[in-house]
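Please open the structure in a viewer and keep the selection panel at hand.

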Amino acid sequence: MKERVGFVGVGLMGHGMAKNIVDKGWPLAVVAHRRREAVEDLKTRGAKEVDSLRALAEVCDVVVLCVTGSPQVEAVILGPNGLASAGKPLLIIDCSTSDPASTRRLANELTSKAITLLDAPLSRTPKDAWEGTLDVMVGGDEEAVARARPILNAFAGRVVETGPVGAGHTMKLLNNFLSMGYAAIYSEALMIGAKAGLAPAVFDAVIRNGRMDCPFFQTFFKYVIERDRNAHRFTLSNALKDVSYLAGFAHALGVANPVGAAVRNSFAQAVAMGHGEDYVPMLSDLVAEWNGTALTEAKR
């Protein structure tokens with residue numbers, strides 16, 4: 001018999017993940033969420049809705065979290081009427097992008113409550129979540145990872161074991177540093193090209209199918225070239241959160257990360273100017289605007 005799974009956070013990524021879990025035969029319970037359309041869709045597929053986190057824990061063996069970051073994870077688990085308040089053994093799989101130091105502290109604290117925490121952050125897009133082809137970086141005890149793997153496989157095309165608890169979140173921060181670093185570099189390169197009259201289409205024609213091409217480039221430029229706002233639905237505020245976690249983690253390690261600081265500043269400026277809910281590829285328009293040009297004006 002399959003374990004009873006709970007899901008917290010049926011947002012852009014979580015909806016598709018939860019859909020795959022219930023469609024592939026797991027008994028699923030979800031907690032009330034502001035995205036009512038996602039909850040209602042999951043209920044039509046056989047999921048049960050409960051009215052509190054404690055109630056979710058009471059009817060589940062495993063709970064998957066897909067929330068914003070460490071403060072939200074800690075609140076969901078340890079807050080009043082949170083998952084831990086049910087006072088029962090649980091396996092919690094945190095698919096959020098969280099601070100590794102917080103993850104390790106939380107895992108240690110939960111041991112005395114018979115709760116096992118795994119960090120299993122994600123890579124790829126909401127489209128991949130819906131199609132069940134996400135990449136997952138999982139950290140934790142080998143036995144717990146083996147228990148979680150069938151559930152992870154429901155929404156993942158690739159699951160990579162990274163080491164002990166916290167290693168998954170460490171790898172996720174490095175993964176997002178690379179991707180957000182590319183976003184900042186693409187944006188500056190496009191701005192310089194536009195300032196010189198070089199059209200983004202030319203930039204795309206040179207890079208695409210060359211050594212610097214990659215799936216991230218392709219989704220980023222689906223917005224730049226086609227103006228598809230939904231090409232990469234990851235907000236600038238979430239990007240800033242992730243690179244800020246990396247800055248804090250680097251500081252805790254006592255290392256210098258000047259490139260990371262520069263990348264963070266690009267996103268911090270965008271968010272400070274009120275663009276936090278814009279998606280990452282839209283940084284290219286903002287960088288162009290800050291420098292007195294526009295990508296749509298370059299013709300050569």
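The model is predicted: local features need pLDDT of at least 70, side-chain atom pairs count only at pLDDT 80 or more, and totals for chains, interfaces and linings use all residues. Residues are numbered from 1 along each chain as its sequence is written, and side-chain values use heavy atoms, with hydrogens and water left out.

**Helices 1 and 2**

Select residues 14-23, helix 1, together with residues 36-44, helix 2; their axes come within 10 Å and cross at roughly 10°. Helix 1 is therefore roughly parallel to helix 2 (an angle under 35 degrees). Helices here are DSSP runs (H or I, at least four residues), numbered from the N terminus. Axes are lines fitted to C-alpha atoms over the stretch in contact, and angles run from 0 to 180 degrees between N-to-C directions.

Next, display the side chains of His15, Ala18, Lys19 and Val22 in helix 1, which meet Ala38, Asp41 and Leu42 in helix 2. Contact means heavy atoms within 4.5 Å. By class, this contact comprises four nonpolar, one polar and two charged residues. Ala, Val, Leu, Ile, Met, Phe, Trp, Tyr, Cys and Pro count as nonpolar, Asp, Glu, Lys and Arg as charged, and the others, Gly among them, as polar.

**Leucine 42**

Now centre on leucine 42, in helix 2. Leucine 42 counts as buried because its relative accessibility is 0% (buried means under 20% relative accessible area, with a 1.4 Å probe and protein chains only). Beyond residues up to four places away in sequence, leucine 42 touches Val10, His15, Ala18, Lys19, Val22, Val30 and Ala47.

**Helices 1 and 7**

Met17, Asn20 and Ile21 in helix 1 meet Ile151, Ala154 and Phe155 in helix 7. This contact has five nonpolar residues, one polar and no charged.

**The nonpolar cores**

Which residues touch the most other members of the largest nonpolar core? Select Phe7, Met17, Ile21, Ile93 and Phe155, out of 37 residues in that core. A nonpolar core is a set of buried Ala, Val, Leu, Ile, Met, Phe, Trp, Tyr and Cys residues joined through side-chain atoms within 4.5 Å. Helix 7 (residues 142-155) supplies the largest share of this core, seven residues. Finally, select Phe203, Phe217, Leu236 and Leu283, which are among the 31 residues of another core, lying apart from the largest one.

Definitions and conventions
Helices (H or I, at least four residues) and strands (E, at least two) are DSSP runs, numbered from the N terminus. Angles under 35 degrees count as roughly parallel, over 145 as roughly antiparallel, 65 to 115 as roughly perpendicular and the rest as oblique. Buried means under 20% relative accessible area, exposed over 50%, partly exposed in between (1.4 Å probe, protein chains only).
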